[in-house]
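Student: Can you walk me through a model? Here it is.

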Amino acid sequence: MVTIREERLDNGLQILFVDESNRYFGDYHRVCIQITLVYALDALSVAGSDDEVFRNSAIASLGKELKIIKRLERMGVPTAAVEGVRKSMIEAFMENASAYLNRPEYPRSLVAAELKKRNNAQ
């Protein structure tokens, strides 16, 4: 697995793109991009005591940083098209998601959603 691209957004969120592609039959490949969203929880903004309680709770539950993993996958890609498909998948992701991911309040929303998911799983 090789990191093929890294983005650091203004809100502190880091996005890592890792290539997990493989050839599965003849000239056909599965192009798979693992996307890891990484956020250092001590970077959560603290404007008041509620924010501090939230940050401390997040660090206690999730550790020093939050990592969320997503995957993009496309099957049946011929060898000659693998690199172009890989690039277009990453570009499409960034084009569609960057405005949302880049919002100043997004890291807090992401952390809150992960805390809720983990609390519901218990």
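Student: What should I know before reading values off it?
Tutor: This is a predicted model, in which local features need pLDDT of at least 70, side-chain atom pairs count only at pLDDT 80 or more, and totals for chains, interfaces and linings use all residues. Residues are numbered from 1 along each chain as its sequence is written, and side-chain values use heavy atoms, with hydrogens and water left out.

Student: Which residues of H1 are buried?
Tutor: Asp 51, Phe 54, Ala 58 and Leu 62. Buried means under 20% relative accessible area, exposed over 50%, with partly exposed in between (1.4 Å probe, protein chains only). Helices are DSSP runs of H or I, at least four residues, numbered from the N terminus.

Student: Where do they sit around the axis?
Tutor: On the same side of H1, because they cover an arc of only 60 degrees, taken from the directions from the helix axis to the C-beta atoms. Ser 49, Val 53 and Ala 60 are exposed on the other side.

Student: What comes after H1?
Tutor: Gly 63, with a positive phi near 95 degrees.

Student: New topic. Is Glu 114 buried or exposed?
Tutor: Glu 114 is buried, at a relative accessible area of 8%. Its place is in helix H3, residues 106–121.

Student: Which side chains does Glu 114 pair with?
Tutor: The Glu 114 side chain makes a polar contact of 3.2 Å with that of Lys 117, and one of 3.0 Å with that of Arg 118. A polar contact is a pair of N or O atoms within 3.5 Å; within protein, one must be able to donate a hydrogen and the other to accept it, and residues adjacent in sequence count only if both atoms are side-chain atoms.

Terms used: Helix = DSSP H or I, 4+ residues; strand = E, 2+ residues; numbered from the N terminus.
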